[in-house]
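Subject: Structure for you to look over

Hello,

Here is the structure I promised to pass on. Please open it and keep it beside you while you read my notes below.

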Amino acid sequence: MYEPVRVRYAPSPTGALHLGGARTALFNYLFARQKSGQFLLRIEDTDRARLKPGSQEQIEEGLQWLGLTWDETPLIQSERKAIYQQAANGLLESGGAYRCFCTPQRLEQMRAEQRARHEPERYDRRCRSIPRAESDRRAATGERFVVRQAIPTGGTTTLQDLVMGTVTFRNDTLDDHVLLKSDGFPTYHLAFAVDDHAMRISHIIRGDGWLPSSPKHLLLFQAFNWLPPAFAHLPLVLGPDKKPLAKRHGAKDVLEYREAGYLPQAVDNFIAFLGWSPGTDQDIFTMEQLIQAFDLSKIQASPAVANLERLDWLNGQFIRRLTPDELATRVASKMPGVPVPALTPLIPLVQERLRTLNDAPEMLRFFFEDPDTHRPEQLIAKGREPAATATALTSAAAALQGLTDWTPESIEAGLRALAERLGWSSRDLFMTLRVAVTGRTVTPPLIESISRLGKDTVLNRLERAARALAGPL
RNA sequence: GCCCCCAUCGUCUAGCGGCUAGGACGUGGCCCUUUCAAGGCCAAAACGGCGGUUCGAUUCCGCCUGGGGGUACCA
């Protein structure tokens, strides 16, 4: 293992950055930052059939949104074809790999027979015994071939995984898998090893899916005579349906969480706790605190189901921790046409009521537009008469009209006095006023809302509601 | 089929031989209260099964069961 900590997140550009990938990236990032090491990005685009244009940009934007900034320029595998071929040649030279001339048809037939005999489906190593001179000659004539790793036929390979512990494999259960494809591109197995060595990666922190092939990877490092990095395999992240998030159709892009009004801090906290826990009761962390507390050895070996309700709660927690200015800016981005300064004074009314930023526009709408129509059944408190309600509304307008100063205190005093005069409970009166002024039954606190709405607007809406009550009835 | 991993409340988890099995989300109730939230208090809720090891297993070992992953010229 190399000394300075250098880790990488190595997505293949086949789609968006989903939660599972984001967690892998986050763990790599936290580990690197805690150890004062580097966090690198590598694009594994050696499968040109699955490549999706724009995917790399999408992934990078997702990482940036989450605050996972990488060091150095991302390494692009497709630009390094020659280097992998060279590495494969070296292995051919040392006997760590061999050319395989078997056709896809023969391989398929071989597997079919193995299936029929209930044997493990593995390459039968027919080409492994082709003498080197003959192999060179056939390659020189232009015959198509792949390069396969020559796995030791006996013994065992043991991996000390930082998460899974000691894992031992019998070498004779391992396949001579393909390292270099006939199109000259490397497979993952070759490319990652060559690159991790070139990048002097100290720890490979990657998804659980790689665990079964990790002995071959270790053997490959040995065949190259390279110092292998340490391995840490992360358990899967499952969706609410218990299906792997990564493979689920419609696995959510992290940027969709941004659109849905989530804060990156909340998403970071949420995914940090998918499979990891600090072992304390603290459940709200700043990024700095996460970096401090992170510990590979505390990662759970079992898969974690993403509990999106917890994300909602976390998001509310982080929204409440924002300053009013910060929140106003973020809410403004969800309310086109409404300037930040108009929003700032309203923030205290909604801050503790928001679960996502997207809840804000609906909650604040009445500050910017009059309610369209008043539904009598909402306006009239249970057991009250329409006429009495209309009177209450006009009386309220009159009472507020007479106020010398327009402060929450004086408004509240005036309204409570009115309720008493009317013989109404303040509960009933306030609900009627709430609906008249906001058009809704669920709103921020009424008195505060009235005071911020301004006298003219409030009087207008009260009178309008009173007329609506009188009109159609 | 073969290889590998996993297993505590519904979910995320604490636990690293002796605990009334702790916390959080969610759920239910109560308090606060002008609605809704927020906040406070309380409650229900878990060690998959069977064998060992041990004075003693949630904890260590084995088997079973149940999940999951891999088994490609995908990553």
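**Overall build**

Chain A holds 21 helices and twelve strands. Its radius of gyration is 33 Å, well over the 23 Å that the globule rule gives for 473 residues, so chain A is more spread out than a compact globule. Please bear in mind that this is a predicted model.

The C-alpha trace of chain A spans about 105 × 45 × 35 Å along its principal axes. Of the 473 residues in chain A, 34% are buried. Among contacts with a separation of 6 or more, 77% join residues 24 or more positions apart.

**The three-stranded sheet**

Go to the sheet with the order β4-β5-β8 next. It is open, has three strands and pairs in the antiparallel sense. Strands β4 and β8 stand at the edges with a single partner strand each, so one side of each has no neighbour in the sheet. From one strand to the next, the twist averages 45°.

Here are the pairings:

- Strand β4 (residues 97-100) pairs with β5 in the antiparallel sense, over four bridges.
- Ala97 has Gln149 of β5 as its bridge partner.
- Cys100 has Val146 of β5 as its bridge partner.
- Strand β8 (residues 178-180) runs antiparallel to β5 and is joined to it by two bridges.
- Arg148 stands opposite Val178 in β8.

Which way do the residues of β5 point? Val146 and Arg148 point one way from β5 (residues 146-149), while Val147 and Gln149 point the other way. All of them are buried. The general rule is that side chains in a regular strand alternate between the two faces of the sheet.

**The surface near the RNA**

Now turn to RNA strand B. It is surrounded by 65 residues, and the closest are Ser12, Glu44, Asp47, Ser302 and Asn307. Several elements give two or more residues to this surface: α4 (104-116), β7 (165-170), β12 (304-305), α11 (308-321), α19 (426-438) and α20 (446-453). By class, the surface near RNA strand B has 27 nonpolar, 20 polar and 18 charged residues.

**A covered helix**

Gln86 is 367 residues from Leu453 in sequence, and their C-alpha atoms are 73 Å apart in space.

Pro341 is found in helix α13 (residues 340-343). Pro341 has 9 other C-beta atoms within 10 Å and is exposed. Asp325 is 16 residues from Pro341 along the chain, with 9.0 Å between their C-alpha atoms.

- Glu72 is not a glycine, although its phi is positive at about 65°. Glu72 sits in the loop between α2 (55-65) and β3 (75-76). It has 13 C-beta neighbours inside 10 Å and counts as partly exposed.
- Arg200 is not a glycine either, and has a positive phi of about 55°. Its place is the loop between α6 (188-198) and β9 (203-207). Arg200 has 14 C-beta neighbours inside 10 Å and counts as partly exposed.

Best wishes

Key:
Residues numbered from 1 in each chain as written. Chains lettered and ligands numbered in written order. Predicted model: local features only at pLDDT ≥ 70, side-chain atom pairs only at ≥ 80, totals over all residues. Rg over C-alpha atoms; globule rule 2.2 N^0.38 Å. Buried ≥ 20, exposed ≤ 12 C-beta atoms within 10 Å, placed from the backbone. Contact = placed C-beta atoms within 7 Å. Pairing = 2+ DSSP bridges. Near = placed C-beta within 6 Å. Nonpolar A, V, L, I, M, F, W, Y, C, P; charged D, E, K, R; others polar. Axes fitted to C-alpha atoms, helices over the stretch in contact; angles between N-to-C directions.
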